Every structure is written in C-alpha cells, then in structure tokens.
Amino acid sequence: MKKVFALIDCNNFYCSCERLFRPELEGQPIVVLSNNDGCVIARSNEVKALGIKMGDPYFKLKDIIAKHRIQVFSSNYALYGDLSHRVMTILQQQEPEVEVYSIDEAFISLPYTPGKLHTDYARYLKRKVKQCVGIPVAIGIGPTKTLAKVANRLAKKIPDHGGVFDITDHGQIDHLLANYDVEDVWGIGCQSANKLRGRGILTARDLRDADDVWLRKKLTVTGLRTAMELRGISCLPLEMVQADKKSIISSKSFGRPVTTLSDMKEAVATYLSTAAEKLRNQGSVAGSIQVFVTTNPFNPNQPQYAKSMTATLPRPSAHTPTLLKAAVRSLEQIYRAGFQYKKAGVMLTDISPHHLQQESLFGPNTTESMELMAAVDQINKKWGRHTVQLGTAGFEKSWQMVQSHKSPAYTTSWSELPIANGAV
DNA sequence: TCTGGGGTCCTAGGACCC
DNA sequence: TCTGGGGTCCTAGGACCC
C-alpha cells in the first residue's frame with residue numbers, strides 16, 4: 001500500500017510551553033534561553049518579527065528586550081519534556097506508526113489517498129493535540145520525509161494554510177520548490193549550501209534536478225539522498241523504535257569560571273553520574289569514557305586551553321564508581337592549572353547491551369555492585385536527582401549553571417503546581 | 001561579566017595484514 | 001631513478017540535526 005508521511009511539529013515549542021501556564025502572554029513577545037541564560041534557543045513569532053535570531057547571545061539583546069518588553073525565560077526542561085511526552089502520547093493514541101523525532105516533532109505514516117483526506121485528518125489531529133495538551137502544532141504531508149518537512153514549513157509560513165499543508169499531488173510543486181531556499185531543505189546546512197550555490201544550485205528545485213554524480217561526489221550519499229527525497233523517492237523510513245544510544249554525553253558550561261582541580265573533579269563526577277544513569281537506564285555498559293575540558297573560546301583576551309582524553313576500560317561497565325575512577329585519572333592528566341575553565345564534560349562510548357557482556361573469569365563478580373547502582377537509581381528517581389550521589393560530586397557545587405528566569409515545574413513537581421483560582 | 005547541550009552519520013587517511 | 005596491490009579496521013574530524 002502506498003503511504004505518505006506527515007510531520008507534526010510544535011510551534012515555537014518552548015515558548016508555547018511557557019505560555020500554557022501564563023495565558024496572558026498570548027500574543028506577547030517571548031524568548032527562552034539556553035543553559036546559563038547564554039543565548040536564545042526559542043522565540044515567539046513576535047520576537048522573530050523583531051529580527052532576533054536563534055543563538056543570539058542574551059547579553060547583547062538586553063536593550064531590545066527592555067524596549068519591546070520581551071518576556072524572558074530560562075530553559076525548563078522538566079516542563080518541556082513532560083509536555084512533549086503528552087503530545088506524543090496523544091499522537092500514539094491516534095496512530096499506530098509514530099516516530100518521535102525530537103522533543104517537538106514526530107513523523108507518522110498515513111495510507112495514501114487522493115484528494116483532501118490527508119488534510120482533513122491532519123486538521124483533526126491538530127485540533128486534538130490543541131484540545132488535549134494545549135500546544136499548537138503545524139502539520140506537513142508529503143510522499144517522503146524531506147517533502148513532509150518542506151510542507152510543514154509552508155504550513156507554518158503561509159497563513160492561508162491554517163497550519164496544515166499537503167504537498168503530495170500538489171499541482172504547483174515545481175513552483176513551490178523553486179521558491180524554497182536550498183539552505184532551508186532538511187539535511188542541507190550552510191557548508192553544503194555554499195557548495196551548492198557555487199554551482200548555481202539555489203533552490204530546492206535546483207537541488208532536486210541536480211546531477212547525481214556531482215552530488216554524490218561533493219555532498220556524499222547524504223546529499224544525494226536528500227535530492228532523491230525531493231524527487232519523491234523515499235529513502236528515509238519511519239523509525240518507530242528508538243534505538244539505544246551509541247554515545248551518551250553529559251556536559252555543561254559553568255556558572256562561573258572554574259580554576260581549581262577540586263572544583264573540576266566535582267563537576268566531572270556530577271556529569272558522569274548523569275551519563276551513567278542514562279547508560280543504565282537503557283540497559284547498557286560502556287567500553288570507554290572520554291573527558292574534556294575547555295576555556296571560554298569567546299574570550300580571546302584569556303589564555304585558551306582545550307583538551308580531551310579517552311580511556312578504555314578493562315571491561316565495559318555501567319558502575320558509576322568504576323567509570324569515575326577512569327574519568328578522574330584522565331582529568332588529572334589533562335588538567336592544567338592557571339586557566340579559567342568554562343566548560344567540561346564526559347562522553348560514554350563503545351556502548352553495548354549489558355546482557356551481552358561476558359562475566360570475567362577471574363575478576364570480581366559485578367552483580368552485587370550493579371544492585372547497588374539500581375538502588376541508587378531508584379532512590380533518585382523517587383526523591384529527585386542527586387538525592388544520593390558520589391561524595392566526589394561535591395555538595396555546594398558553586399560552579400553550577402545559573403538560571404535566573406526559570407518558570408516553575410508546573411506539571412512535574414507537587415510543590416510547584418499552578419493554583420487554579422489564585423485565591424490563596 | 002554574559003555566546004547551549006546532546007546526538008548521528010559519513011569520509012579520509014593511517015595502521016596493519018597478506 | 002626506479003619501490004605492488006588489495007583488503008580491513010580504527011579514529012579523527014566534518015557536517016548535519018533539534
């Protein structure tokens with residue numbers, strides 16, 4: 001049976017989440033900032049209209065923010081993650097085939113039907129999500145994922161479409177693609193766009209009609225795949241089961257410069273605990289662990305230093321203290337005194353399923369220590385992150401990130417529940 | 001003073017083998 | 001001056017995504 005893809009994409013997702021509990025902000029300009037209130041990662045339409053770009057540093061925007069009374073929020077991932085889950089659940093209740101592509105996007109696959117049935121159904125889904133969760137979405141439909149992405153963008157951009165657009169069987173597809181900047185095509189970043197422009201390929205239509213041999217050579221198979229998808233030949237299937245992570249990173253910028261090895265150890269231990277918990281959560285073990293530290297590359301007046309080191313474990317593990325020992329050994333080797341460090345992180349790699357791991361013939365039995373880890377995870381799940389943690393991770397964590405405009409965890413913390421009538 | 005975090009895939013090139 | 005050919009595996013780095 002012939003099928004089409006639909007892409008459901010939440011509109012300005014983080015901003016919409018913030019508005020959900022502050023309805024008076026409907027129609028008002030809003031931005032959401034990255035960790036440490038560093039830069040802009042979500043903008044309401046009003047803010048986009050002011051010319052503020054994704055990734056603009058917050059400190060450079062203070063004037064324009066004051067002038068236009070833009071509401072500022074620190075990112076609140078507990079809130080966004082929970083609302084995302086609710087949106088995805090609604091879609092999964094309606095549809096058997098859902099691919100959760102990112103925190104605010106999902107692909108579904110629908111049986112192909114001529115006429116406007118796709119569009120009618122998408123309008124129904126859109127209403128359903130709005131009604132059940134309160135988050136506005138746009139839906140694009142096409143014969144391939146890449147064309148569904150194109151359609152989604154057009155659904156949002158052109159008000160007449162009302163947030164739903166089907167590009168399958170569209171009579172004007174040539175015209176639509178000819179007015180679609182090649183850099184806005186899914187999978188074409190600015191490097192590829194530069195190469196394409198150099199050859200006079202400026203629009204999605206040009207890319208669709210470009211020469212395969214040249215594309216393969218300059219943009220590798222991924223670029224060729226994108227062109228095929230624009231031709232309506234589906235190369236990217238719907239992926240419904242989420243594959244295990246092949247690498248797990250935990251890394252954050254510091255709230256203030258870190259200048260001592262002991263603070264750095266606290267940070268690395270804290271990040272490692274987070275990564276190891278994720279690792280256990282997917283039932284895996286890691287074979288190697290990388291530690292990295294860096295100064296602030298945006299401050300050219302300070303001496304710069306960045307270094308990473310990968311350690312291979314004698315045998316794969318998900319045991320936090322074992323991983324930590326290897327991480328600290330690496331850290332001690334790469335750490336240099338006299339620098340103002342801005343960021344550090346750990347990356348777990350060579351990940352494999354725990355159940356495939358071979359027990360060591362002579363080494364210690366790992367079952368007991370993993371039971372301890374399971375208990376730690378359970379406690380932290382129930383009572384909150386870092387309720388039980390490694391001593392090395394520190395207690396004050398004075399280097400921790402700063403979030404000065406954070407909204408409450410309205411939906412995930414009893415103590416932060418919103419109050420309906422306000423008469424308290 | 002202040003510029004995010006977490007992922008995937010692909011390729012080139014080196015090391016090594018016969 | 002001239003110095004094989006072919007294959008695999010691993011890693012670093014680039015590019016992309018949200």
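**Overall fold, aromatic pairs and the DNA-facing surface**

Chain A contains 13 helices and twelve strands, where helices (H or I, at least four residues) and strands (E, at least two) are DSSP runs numbered from the N terminus. The radius of gyration of chain A, taken over C-alpha atoms, is 24 Å, close to the 22 Å that the globule rule gives for 424 residues, so the chain is as compact as a globular protein of that length; the rule is 2.2 Å times the number of residues to the power 0.38. The C-alpha trace of chain A spans about 65 × 60 × 50 Å along its principal axes, and 44% of the 424 residues are buried, with buried meaning under 20% relative accessible area, exposed over 50%, and partly exposed in between (1.4 Å probe, protein chains only).

The model is predicted, with local features requiring pLDDT of at least 70 and side-chain atom pairs counting only at pLDDT 80 or more, while totals for chains, interfaces and linings use all residues. Residues are numbered from 1 along each chain as its sequence is written, chains are lettered from A and ligands numbered from 1 in the order in which they are written, and side-chain values use heavy atoms, with hydrogens and water left out.

A search of the whole structure finds 15 aromatic pairs, a pair being two rings of Phe, Tyr or Trp (its six-membered ring) with centres within 6.5 Å, counted as stacked when the planes are under 30 degrees apart, as edge-to-face when over 60, and as tilted otherwise. The pair of Tyr14 and Tyr77 is edge-to-face, because the ring centres are 5.8 Å apart and the planes stand at 90 degrees. Since Tyr14 belongs to helix α1 (residues 13-20) and Tyr77 to helix α4 (residues 77-94), this pair ties together parts that are 63 residues apart in sequence. Tyr14 is buried, with a relative accessible area of 14%, whereas Tyr77 is partly exposed, at 39%. Both residues belong to one aromatic cluster, formed by Phe13, Tyr14, Tyr77 and Tyr80.

A tilted pair is formed by Phe107 and Trp186, with 5.7 Å from centre to centre and 40 degrees between the planes. This pair links distant parts of the chain, 79 residues apart, as Phe107 lies in strand β6 (residues 105-111) and Trp186 in the loop between α7 (173-178) and α8 (190-198). Phe107 is buried, with a relative accessible area of 0%, and Trp186 is partly exposed, at 23%. Lys145 lies over the face of Phe107, 4.9 Å from the ring centre, and Lys2 lies over the face of Tyr112, at 4.0 Å; such a charge is assigned if NZ of Lys or CZ of Arg is within 6 Å of the ring centre and within 35 degrees of the ring normal.

DNA strand B is surrounded by 25 residues, of which the closest are Ile249, Ser251, Lys252, Ser253 and Lys342, a residue being near the strand if one of its heavy atoms lies within 4 Å of it. Sugar and phosphate account for 73% of the atoms of DNA strand B that come within 4 Å of the protein. The elements giving two or more residues to the surface near DNA strand B are α10 (212-230), β9 (248-258) and β12 (341-353), and β9 gives the most, with six residues.
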